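Please look over the sequence and the structure shown below, and then follow the explanation that comes after them.

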Amino acid sequence: MINQTLRERNEYIFSTSDRIFNVSAVTGEGFEQLLAALAKYAESFLAGPEPALVTRERHRRALEDALAALRRALGRELAGSEDLLAEELRIAARAIERLTGRVDVEDVLDVIFRDFCIGK
């Protein structure tokens with residue numbers, strides 16, 4: 001009964017069949033296996049009968065921005081620079097938020113000050 005209620009609320013139930021990943025924050029060991037498993041899961045979870053078609057320029061730009069930030073985050077240049085890595089992940093998340101319609105107060109203020117010249 002409890003598991004059914006949790007599933008109805010879209011909460012994840014951990015089971016003994018879940019994979020366990022040993023990842024080292026110091027050496028990075030195990031990180032590739034974790035990323036590969038996440039990519040495989042996302043591919044199977046998000047795959048549909050037809051490929052996604054992006055018809056709006058705004059959506060395409062948001063997806064390109066997210067992809068570019070994720071590629072930079074995975075690049076060797078950021079190895080050992082957790083602050084820069086976190087910034088790239090934040091940039092990717094904001095791009096996805098723009099795509100999904102989440103609007104932040106900072107975004108609104110940026111547009112107001114940029115487009116309406118308030119305070120200049």
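**From a loop residue to the helices**

Val-23 is partly exposed, its relative accessible area being 41%. In this predicted model, Val-23 belongs to the loop between helix H1 (2-8) and H2. Leaving aside residues up to four places away in sequence, Val-23 touches Glu-29, Gly-30, Phe-31 and Leu-34. For Leu-34, the separation from Val-23 is 11 residues in sequence and 7.9 Å in space, taken from C-alpha to C-alpha.

When contacts between residues at least 6 apart in sequence are considered, 26% of them join residues at least 24 apart.

The next feature to consider is the largest pocket, which has a volume of about 1,000 Å³. Its lining consists of 26 residues, and those nearest the centre of the pocket are Phe-31, Leu-35, Ala-73, Leu-74 and Leu-85. One of these, Phe-31, is also among the residues that Val-23 touches. Helix H2 (31-46), helix H3 (57-74) and helix H4 (82-100) each supply at least two residues of the lining of this pocket, and the largest share, 8 residues, comes from H2. By residue class, the lining of the largest pocket divides into 16 nonpolar, 6 polar and 4 charged residues.

Helix H4 also holds Glu-88. Is Glu-88 buried or exposed? With a relative accessibility of 13%, Glu-88 counts as buried, because the limit for that class is under 20%. Not counting residues up to four places away in sequence, Glu-88 touches Ala-69, Arg-72, Ala-73 and Leu-78; of these, Ala-73 is listed with the residues nearest the centre of the largest pocket.

Side chains of opposite charge can pair when their charged atoms come close. The structure holds 6 salt bridges, and one of them joins the side chains of Glu-64 and Arg-60, with an N to O distance of 2.4 Å. Glu-64 and Arg-60 are 4 residues apart in helix H3, so about one helical turn separates them. Glu-64 counts as partly exposed at 41% relative accessibility, and Arg-60 also counts as partly exposed, at 32%. Both residues take part in a network of salt bridges that links Glu-57, Arg-60, Arg-61 and Glu-64.

Another salt bridge brings together the side chains of Arg-98 and Asp-65, at 2.8 Å from N to O. Because Arg-98 lies in helix H4 and Asp-65 in helix H3, this pair ties together parts that are 33 residues apart in sequence. Arg-98 is partly exposed, with a relative accessible area of 40%, and Asp-65 is partly exposed as well, with 36%.

Within helix H4, the side chains of Glu-87 and Arg-90 meet in a salt bridge of 2.5 Å, N to O, and these two residues are 3 residues apart, about one turn of the helix. Glu-87 counts as partly exposed at 33% relative accessibility, and Arg-90 is partly exposed with a relative accessible area of 37%.

Technical notes. Residues are numbered from 1 along each chain as its sequence is written. This is a predicted model: local features need pLDDT of at least 70, side-chain atom pairs count only at pLDDT 80 or more; totals for chains, interfaces and linings use all residues. Side-chain values use heavy atoms; hydrogens and water are left out. On a 1 Å grid over the protein atoms alone, a cavity is a set of points where a 1.4 Å probe fits but cannot get out, and a pocket is an open set with protein on both sides within 12 Å along at least five of seven lines; lining residues have an atom within 4 Å of a point. Grid points are joined across faces, edges and corners, and a volume is the space filled by probe spheres set on the points. Ala, Val, Leu, Ile, Met, Phe, Trp, Tyr, Cys and Pro count as nonpolar, Asp, Glu, Lys and Arg as charged, and the others, Gly among them, as polar. Contact means heavy atoms within 4.5 Å. Buried means under 20% relative accessible area, exposed over 50%, partly exposed in between (1.4 Å probe, protein chains only). A salt bridge is a side-chain nitrogen of Lys or Arg within 4 Å of a carboxyl oxygen of Asp or Glu.
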